[in-house]
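Here is a short report for a first look at this structure. Please keep the model open while you read.

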Amino acid sequence: LSMALEEFQSNTKDLLFTEHGDCGFPTRKSARCTDGYASAAAANGMAGMTCALAMIPEAVSFAFVAGVSPLCGLWTTVVMGGAVALGGGRGGVMTGASGACAVVIAELVREHGVEFLGPTVLLAGVLQILVGKARAGKFIKLVPHPVMLGFVNGLAIVIAKAQLAHFKDTSTGAYFDLMSPKGMTMAGLCAATAFLIKTIPRVTDKLPASLSAIFLVTLGSTVLKLPATTLADLAGKDTFAGGWSVLPKLGLPSVPMNLLTMQKCFPFALTMAAVGLVESLLTLQLVDDILADGTQGSTSRESTALGVGNILSGLTGGMGGCALLGQSLINVNSGGTTRLSGAFMSTLLAAGIVAAAPLLASVPVASLVGLMFVVSFSTFSWSSLRLITRIPKVDAATLALVSVVTVYKDLAVAVVAGTVLSALSFAWRQSTAVDVRAAGDGEPATLLVDGIIYFGSAKNFERAFDPTILVEGAVVLDFMNARVLDHSGMEAVNAVCRRFADQGKVVTIRHLSSECGQLMKDFNNGKFPWVVEVGPDDPSYRVASD
């Protein structure tokens, strides 16, 4: 934990800088931020304010899913949002209470009770810090593009689906009749918010579209006294009571932190840590791609900061969470590209809960739902629908699989399933792409090998040779157009050479990498009846022999 806190201290110097812009400080050079520090700070502050409002209905809804109080979800967002803003992999990513983690917590609360929430969140944080310190987050880069598209599309559907719950009457739980006053108000304010978000940028670029739309819709709803569901109606008046009494209490969980507690909590903590890491690291990559500013977010720092955030959340009675793609997109699209926007979100949300509760309570839920519908529409990769018939069938199936599993199961399972399917498909294609052909009729007989020789293709490589058809006393195996990648591939080459040697033939191997040739000697203790030629045109590559 002390190492993680040292990273937080080193990251705070980036708090007031755009990580890709010159904001008045000569040590930060780029052409991206030309208006100076004040303009960049203002843009990030407005983006943070917009996200603070957008976080409220999500945090409250996720708290209901998890079976905890709305304040628990809100303070989780405050604590985790601030922690990851200060210490995360890059600015622009928004973190808070999440639906993916809430589902795990809900199962824990049903089985063992809410008193085990704290230890579970603490343990999940520790696991995430270990992942960060082991630099294991870098493996998220192995996620194939179809899986990323499926993740984005599935999450867009999840975001839109979650908004439908707000079209229910809080007292009866039934959906509004769209022709009733409440139904018409809900639909109308949603549509008005979406319209304003799309229209304001065409009129002026001086105002943040999302924040302005929420303000105008809230003002109109209040002035016209429309029967709109407000945040107070959604979360309860106690949530927006305000004052110091709503502050979270800092302390260890009430249950004893012994082995029995850890046994109960560990399965849930492991799942929560995995789900949170996957969603956070994929969101980090997507923000990298959207900003395209020449910088890459650190997966190790993001993992570590997420773990620290969960530990702090556990110590303050929170429910844990991870990065939120929807709110991150709101932030980036509103001009929030630095750590300052995340810090603003956390600070303003905390200040609103304590000091501006009546104002927050009066915001119509419909305005925030309209914003999230716009985010959902923008998040969905509509171009992927056109690609379905143009890309390989396996990639199309992977995209669809990840989207469906994200919606009906959870994100971690979807990403793992999609990655495994893509990996198996790739391995199968490469295993069948090995070819051996004769190079003319000269002597000695030369066989050209094409393809990748590894564990998946080793058997096919061996079966491609028939030593009995070569009656001459010498044979040359040329690997110029082949690559031997692992121990299985090396053993397959050895097996083929032994078969030729058993037929009394002199075997010469050409164009192996130097490491490959050395490994062959090591595997055979330096003694084998064939020749490995070394030439200046030998390819250079490494073999995975460990």
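Helices are DSSP runs (H or I, at least four residues), numbered from the N terminus.

Twelve of the 15 residues of α15 are buried, so this helix is largely enclosed by the rest of the structure. Buried means under 20% relative accessible area, exposed means over 50%, and partly exposed lies in between, with a 1.4 Å probe and protein chains only. Among the buried residues are Leu368, Met372, Val375 and Thr379.

## Basis of the model

This is a predicted model: local features need pLDDT of at least 70, side-chain atom pairs count only at pLDDT 80 or more, and totals for chains, interfaces and linings use all residues. Residues are numbered from 1 along each chain as its sequence is written, and side-chain values use heavy atoms, without hydrogens and water.

## How α7 meets α15

Helix α7 (residues 181-203) packs against helix α15 (residues 365-379) at an angle of about 55°. Their axes are 7 Å apart. Axes are lines fitted to C-alpha atoms, for helices over the stretch in contact, and angles run from 0 to 180 degrees between N-to-C directions. The two helices are therefore oblique to each other. Angles under 35 degrees count as roughly parallel, over 145 as roughly antiparallel, 65 to 115 as roughly perpendicular, and the rest as oblique.

On the α7 side, the contact includes Met186, Leu189 and Ile197. On the α15 side, it includes Val365, Val369 and Val374. Contact means heavy atoms within 4.5 Å. By class, the contact of α7 with α15 has ten nonpolar, four polar and one charged residues. Ala, Val, Leu, Ile, Met, Phe, Trp, Tyr, Cys and Pro count as nonpolar, Asp, Glu, Lys and Arg as charged, and the others, Gly among them, as polar.

## Two loop residues with positive phi

Arg135 sits in the loop between α5 (117-133) and α6 (145-163). Its phi is positive, about 55°, although Arg135 is not a glycine. Arg135 is exposed, with a relative accessible area of 53%.

Lys225 lies in the loop between α8 (209-224) and α9 (231-235). Phi of Lys225 is also positive, near 55°. At 73% relative accessibility, Lys225 counts as exposed.

Val308 belongs to helix α11 (residues 299-315). At 2% relative accessibility, Val308 counts as buried. Val308 and Gly88 are 220 residues apart in sequence, but 9.9 Å apart in space, C-alpha to C-alpha.
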